[in-house]
Amino acid sequence: MNFTPFDVSCMASALRLARRGLNTTHPNPRVGCIIARHGKRVASGWHQRAGEAHAEINALCAAGEKAAGATVYVTLEPCCHSGRTSPCVEALVKAKIVRLVSTHEDPNPEVAGNGFEYLRQAGIEVQTGLLSEQAQALNAGFLQRMRQQRPWVRIKLAQSMDGHIALANGSSQWISGAPARADVQAWRARSDAILTGIGTVLADDPALNVRLNKDSRQPLRVIVDSHWRLSKDARLLHLGGKVLIAGINSNAAKHQLSSERLECIELPVTDGRVDLKALMRELASRGINEVQVEAGATLCGALLEQRLVDEILIYQAPVLLGGGAVSPFATPRLNNMLNRIHLKWLDSRQIGNDLCLRLQPVY
């Protein structure tokens with residue numbers, strides 16, 4: 001489908017607006033909207049927070065009567081169902097727009113092309129596919145949850161140049177520098193959940209919270225703790241936000257841990273441990289779009305082996321940890337190069353004195 005340079009420019013602006021909701025729209029997607037008429041932009045809007053007006057409604061309110069006869073550029077198919085807000089397609093028709101340009105279909109079963117069809121039936125020209133790849137990358141978690149009923153899983157790790165995440169004695173603070181650790185906070189802030197294993201909690205007593213500012217939304221902190229070994233004195237239990245423990249085989253320890261901010265759930269067992277695929281389905285059912293994993297080699301290796309990792313975020317420091325240090329993934333030894341796991345480059349940049357690498361497993 002042919003799009004003009006002006007179309008591309010408007011959609012690029014809509015995507016920039018959508019990014020403003022990076023940390024706030026959970027569990028909804030991040031969406032931006034531009035309204036233009038006669039080759040000039042007349043209004044814009046973005047979805048700011050779940051439960052509040054969608055991007056199209058904010059833009060239409062800003063445009064007023066100028067929306068009549070206009071083209072609307074929106075980074076996701078407009079909704080056609082009622083939830084906490086009214087259907088956007090009805091508002092678009094009422095505003096008398098003549099053309100809608102969108103990136104791609106919303107895979108939410110309640111929408112799934114029906115929004116586009118509603119507009120077409122109302123006589124509005126609908127064009128899709130503009131900057132689709134960029135839009136899907138922005139909402140990778142939401143789209144995967146709708147399509148596969150599991151969240152987008154990102155493993156974050158800091159490692160040395162010789163590929164280690166800790167010394168042989170377990171010491172790991174700090175491999176990366178302060179600028180890299182600040183960047184991690186931004187990735188935490190956009191995540192709906194932070195996942196770790198009980199081994200990491202017992203060894204490091206991490207906080208796993210967002211410390212950008214006092215008003216930062218705190219993601220759900222999830223601990224894989226098969227046998228309910230978490231102590232009530234763990235630091236993450238005494239900070240803001242909620243904690244979820246996933247274990248197996250109910251016992252007295254589980255009931256002693258449960259509290260208002262701490263939920264304990266039992267999941268199926270695989271090889272004597274929590275079934276990680278079942279955990280991902282559980283998180284998806286709770287509206288979790290993006291999970292950031294900050295864990296040790298055992299959990300990271302298990303996620304990778306089960307093909308549950310969608311992205312790896314590595315902060316590589318210019319240091320060497322030497323022999324006997326800990327590797328980031330505890331996976332079975334390979335005897336054939338054909339079985340190696342390939343990674344696709346997504347991004348690389350220098351942060352302070354460290355190199356930040358983003359990669360995607362190619363299964």
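1. The face of helix α2 turned away from its buried side carries Cys61 and Ala62, both exposed. Here exposed means over 50% relative accessible area, buried under 20%, and partly exposed in between, with a 1.4 Å probe and protein chains only. Helices (H or I, at least four residues) and strands (E, at least two) are DSSP runs, numbered from the N terminus.

2. The model is a predicted one: local features need pLDDT of at least 70, side-chain atom pairs count only at pLDDT 80 or more, and totals for chains, interfaces and linings use all residues. Residues are numbered from 1 along each chain as its sequence is written, and side-chain values use heavy atoms, with hydrogens and water left out.

3. Confidence is expressed as pLDDT, the predictor's confidence in each residue, from 0 to 100. The protein has a mean pLDDT of 90, and 96% of its residues reach 70 or more. Confidence is highest in strand β13 (residues 290-293), at a mean of 97, and lowest in helix α9 (residues 252-257), at 63. Where pLDDT is low, the predicted coordinates should not be read in detail.

4. Which residues of α2 (residues 55-63) are buried? They are Ala55, Glu56, Ala59, Leu60 and Ala63. Seen down the axis of α2, these residues fall within an arc of 125°, so they line one face of the helix; the arc is that of the directions from the helix axis to the C-beta atoms. Their cover includes β1 (32-37), β2 (40-46), β3 (71-74) and α3 (88-94). Gly64 follows α2 and has a positive phi, near 60°.

5. An open sheet of 5 strands runs in the order β2-β1-β3-β4-β5, with mixed pairing; two strands pair if DSSP finds at least two bridges between them. β2 and β5 (125-128) stand at the edges with a single partner strand each, so one side of each has no neighbour in the sheet. On average, neighbouring strands are turned by 15° against each other, direction ignored. β4 (residues 99-102) pairs with β5 in the parallel sense over 4 bridges, and Glu125 in β5 is the bridge partner of Arg99.

6. Two helices lie across strands of this sheet. Helix α1 (residues 5-18) lies across β1, β2, β3 and β4, at about 145° to β1, whereas α2 lies across β1, β2 and β3, at about 135° to β2. Axes are lines fitted to C-alpha atoms, for helices over the stretch in contact, and angles run from 0 to 180 degrees between N-to-C directions. Contact means heavy atoms within 4.5 Å.

7. Helix α4 (residues 114-121) has Gly115, Phe116 and Leu119 as its buried residues. They cover an arc of only 100° around the axis, which puts them on the same side of α4. These residues pack against α3, β4 and β5. After α4 comes Gly123, with a positive phi near 85°.

8. The largest nonpolar core has 35 residues, of which Leu195, Leu279, Leu283, Val293 and Leu303 touch the most other members. Its largest share, 5 residues, comes from helix α11 (residues 297-305). A second, separate core of 24 residues includes Ala63, Val72, Val74 and Leu119. Such a core is a set of buried Ala, Val, Leu, Ile, Met, Phe, Trp, Tyr and Cys residues joined through side-chain atoms within 4.5 Å.

9. Trp46 lies in strand β2 and is buried, with a relative accessible area of 18%. Not counting residues up to four places away in sequence, Trp46 touches Leu17, Arg20, Gly21, Val31, Gly32, Ala55 and Asn58.
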